Amino acid sequence: MTHFGLICPATSGHLNTMLPLGKELQKRGHRVTLLGRLDAKPQTLAAGLEFRAIGELEFPSGTIAESLAELGQLSGSAALKYTVNALKYSATVMLREAPAVIKEAGVEALLVDQVTPEGGSVADLLGIPFITICSAVVLNREENIPPYFTTWGYNKTLWGRLRNSLSYQFLSRIVNPITEVINQSRQDWNLPPHANSNGRYSQLAQISQQPAELEFPRQNLPQCFHFTGPYHSPSGREVPAFPFDKLNGKPLIYASLGTIQNRLLPVFKSIAEACNGLDAQLVITLGGSASPEVLQGLPGNPLVVGFAPQLELLQKANLTITHAGMNTTLESLNNGVPMVAIPIANDQPGVAARIAWAGCGEVVPLKRVNVNSLRTAIKKVLTEDSYTKNALRLQEAIQKAGGVSRAVDIIEQAISTGKPVLMKTHK
């Protein structure tokens, strides 16, 4: 059996992807340790996995909450730059401290979240294999695919490719500090520098929790890339109390802007006004951004809570109003629930673009959010059958994709054979 190490950001969206993979590996007899910030320790231990801290001095408990509070005030390019600076600092600490921690723990293979690009270099230094896990939207660059931070649709015309190319050049400049930190460490370790960002990912297996049907048409993914569908599980997740007795049986609209960029209280007010008068019940979860009392007296008297049991509510929902975080998107589709997406930052615009492309929802960019634009989108998704039909089509695709079991099959094959696990065809 193998001792696996998990490397991912200490935020719920990434932990909720990585921990179920670790749990499945553990069930199959492997030893699993999450390596990261102290803020990830409670959720990791609650899932029954081992934990080793990296950067205890730099990242004491509570620093994630502080960072998220700052990030929650930002959107667009400001949020992207803030995120890059945070990732640069995290990468510096990881590259400096992780090799010794991993070696001491006796970890033999790594699962590395795609948004922690330094993880593969640590594995290269230690001479151990690693697998890339795509918990966010697929980040592999390709000329026909718009960058993840845009809401652009798929456009393979010359103009579309040119627009993508210019945006990737902009992105390269923005993330260059991270690239420099990684390549400096690789130089110090006598490892060759990465020629491009795609070179940071595993050559054994790259695994996305998207179903292929939620991705733009790809032509240039490596043969070791696999779409397996989501890994969501209640394991390690707190289930907050919720007044289910206050649900009135009307069609349920569930509104959540996640747990990071969710400090936009005026958006919640606009959502409430937009839903007022509809034959539906609105539930708003603030994701810890504020006390529910702050939004008392909203039009239509929606049910407002600090935190919600999302997996349970989505089983009852008819529509999700979401920031287009990948986890909320996939959890909605896993229940056949169409969406109205309000992307705010980072990869959310890219996820929203895929929601629109797949026909399972409408997109209202943050700058265009007002009562009228939201009401139009909400009514459209609630009343036109195509959105629900496409959400159900994606639900079926998720059920067929294999999920956590197939992902771990791929991981085990790659690590046991030391050879790439190839996918013959891509959608």
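This is a predicted model: local features need pLDDT of at least 70, side-chain atom pairs count only at pLDDT 80 or more; totals for chains, interfaces and linings use all residues.
Asn 140 lies in the loop that runs between strand E5 (130–134) and helix H6 (158–188). Its relative accessibility is 5%, and because buried residues are those under 20%, Asn 140 is classed as buried. The side chain of Asn 140 takes part in polar contacts with two glutamine side chains: that of Gln 114, at 2.8 Å, and that of Gln 206, at 3.0 Å. When neighbours within four places in sequence are set aside, the residues in contact with Asn 140 are Gln 114, Asn 198, Tyr 201, Gln 206, Arg 218, Leu 221, Pro 222 and Phe 225.

The lining of the largest cavity is formed by Val 112, Asp 113, Gln 114, Thr 116, Pro 117, Gly 120, Phe 130, Thr 132, Arg 200 and Tyr 201. Strands E4 (109–113) and E5 are the elements that contribute two or more residues to this lining. By residue class, the lining comprises four nonpolar, four polar and two charged residues.

Two residues link these descriptions. Gln 114, whose side chain makes a polar contact with the side chain of Asn 140, is also among the residues that line the largest cavity. Tyr 201 likewise is in contact with Asn 140 and belongs to the cavity lining.

Notes: Residues are numbered from 1 along each chain as its sequence is written. Side-chain values use heavy atoms; hydrogens and water are left out. Helices (H or I, at least four residues) and strands (E, at least two) are DSSP runs, numbered from the N terminus. Buried means under 20% relative accessible area, exposed over 50%, partly exposed in between (1.4 Å probe, protein chains only). A polar contact is a pair of N or O atoms within 3.5 Å; within protein, one must be able to donate a hydrogen and the other to accept it, and residues adjacent in sequence count only if both atoms are side-chain atoms. Contact means heavy atoms within 4.5 Å. On a 1 Å grid over the protein atoms alone, a cavity is a set of points where a 1.4 Å probe fits but cannot get out, and a pocket is an open set with protein on both sides within 12 Å along at least five of seven lines; lining residues have an atom within 4 Å of a point. Ala, Val, Leu, Ile, Met, Phe, Trp, Tyr, Cys and Pro count as nonpolar, Asp, Glu, Lys and Arg as charged, and the others, Gly among them, as polar.
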